[in-house]
Amino acid sequence: MLRRNMSDQMYLVGGAVRDALLGLPVQDRDWVVVGATPKSLIDKGFQPVGKDFPVFLHPVTHEEVALARTERKTGSGYHGFQFHTDPDVTLEQDLARRDLTINAMAQAEDGSLIDPYGGQRDLAARVLRHVSPAFAEDPVRILRLARFAARFGDFSVAPETMTLMRQMVDAGEADALVAERVWQEISRGLMERHPARMVEILRDCGALARIAPELARLFGVPQPEAHHPEIDTGIHLLLVLEECARIDAPLPVRYASLCHDLGKGTTPEAEWPRHLKHETRGVALAAALSQRWRVPSDCKELAELVAREHTHVHQSLDFSAEARLRLIERCDALRRPGRFAQLLLACECDARGRAGLQDRLYPQRAALLHDLKAVQSVDQSAVSAAALAAGKQGPAIGQAIHAARLAALRACETDRPR
């Protein structure tokens, strides 16, 4: 560590302290320096990188170092803050502006723990608790807490914190969330060990209905018990997300799983528990949610594909070779085999995300991958050349390719997994 003036004191803060106390690997280390000014850090070789408030890169470790600061709410939403840095700002004042007590601890260079707000106590009790009423000034903190609930699945939310989040939602703070921050937190929460917990927390505080009403209205909607022992569509969604985490599915699969049944939320009650044409309705709803959250194209496209095709994939064991080929071609599997594999993985999570059925076999995935391999074995160039040599043109060439693919499928029927 570089030598500093005696008035400068640097502390390890936030997640690094929390995770070390939990015995978890420390990924990133953030530091706060007390008693310094931007000039004094720059003079020591620190590089400024912060736009909204002074953050610097350490000249040796390149870790982020922030000046101790306080903040004051000046408007609605995430951007409505004014930050104040000064050598007189104390470590306790800096920690007070943080979201949760478990994130408001610091460690001095001698290893001693500074814990003015009971973070160590709440770690032991497995509780997510806000540090101060200032939590209510930033709606992103609702999303962050839900994400931490997904990471630490056995942590509960302090009753007073849940009450505060509900008050924030009622006051319209969740309506001020910007798309980029919503997706940043949702995507990270989906990749945690218990993504269903994130959805549960957002629903409990009312935020889910504000940021994703398409998801919120799934809860309480019944499905046929013969196929869904859990009955409730919302509960099914939670089970599917947990299955995604269990198999360590990538983000596009998890997001597609989140969106796969959105159409069931718009089924007229008179038609319950059946959900005719929910797939078609679900495609439009998934597209709207992706646009609102500005979801990356790989996640958006897979979500729409899964919404449209998941029922067909489930039924594909009973399809004729012609119907299976149409499914493969409709999914653009020959050009995008990786996306097709992700579609099948999401469908498997859907099939297993049902009460008591998490260990059921799902031969459809292996069978359709087998079908795709057979179709890929067709030499399209050779078929095209032969068709041209026979005097065929235009659509007739495409028909010849289709016929060759169909023949390849039929030729390997006996080897197809079942």
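Two strands are taken to pair if DSSP finds at least two bridges between them, and the description of the sheet below rests on that criterion. The model is a predicted one, and its secondary structure comes to 19 helices and 11 strands. Of the 418 residues in the protein, 50% are buried, and the C-alpha atoms fill a box of roughly 90 × 50 × 40 Å along the principal axes. Among the contacts with a separation of 6 or more, 66% are made by residues 24 or more positions apart.

In general, the strands of a sheet pair through backbone hydrogen bonds, either parallel or antiparallel.

Both senses can be followed at strand β5. Strand β2 (residues 30–34) pairs with β5 (residues 64–67) in the parallel sense over 3 bridges, and within this pairing Val32 stands opposite Ala66. Strand β4 (residues 55–57) runs antiparallel to β5 and is joined to it by 3 bridges; here the bridge partner of Val55 is Ala66. The hairpin of β4 and β5 has 6 residues between the strands, and in it His62 takes a positive phi near 65°. Elsewhere in the sheet, strand β8 (residues 106–108) pairs with β9 in the antiparallel sense over 2 bridges, with Gln107 opposite Leu113.

Among the helices, one packing can be described in detail. The axes of helix α15 (residues 321–330) and helix α17 (residues 363–376) come within 11 Å and cross at roughly 80°, which makes α15 roughly perpendicular to α17. On the α15 side the contact is made by Arg324, Leu325, Leu327 and Ile328, and on the α17 side by Leu368, Asp371, Leu372 and Val375. By class, this contact of α15 with α17 has 6 nonpolar, no polar and 2 charged residues.

Leaving aside neighbours within four places in sequence, the residues in contact with Gln223 include Ile231, Lys264 and Pro273.

Two of these contact residues have backbone features of their own. Most residues other than glycine have a negative phi, and most peptide bonds are trans. Pro273, in the loop between α12 (251–259) and α13 (278–293), is joined to Trp272 by a cis peptide bond with omega about 0°. Ile231, which is found in the loop between α10 and α11, has a positive phi of about 65° although it is not a glycine, and at 33% relative accessibility Ile231 counts as partly exposed. A positive phi, near 60°, is also found at Asp248, which is in the loop between α11 and α12 and, at 59% relative accessibility, counts as exposed.

Terms used
Residues numbered from 1 in each chain as written. Predicted model: local features only at pLDDT ≥ 70, side-chain atom pairs only at ≥ 80, totals over all residues. Heavy atoms only, no water. Helix = DSSP H or I, 4+ residues; strand = E, 2+ residues; numbered from the N terminus. Axes fitted to C-alpha atoms, helices over the stretch in contact; angles between N-to-C directions. Parallel < 35°, antiparallel > 145°, perpendicular 65-115°, else oblique. Contact = heavy atoms within 4.5 Å. Nonpolar A, V, L, I, M, F, W, Y, C, P; charged D, E, K, R; others polar. Buried < 20%, exposed > 50% of the residue type's maximum accessible area, 1.4 Å probe, protein only.
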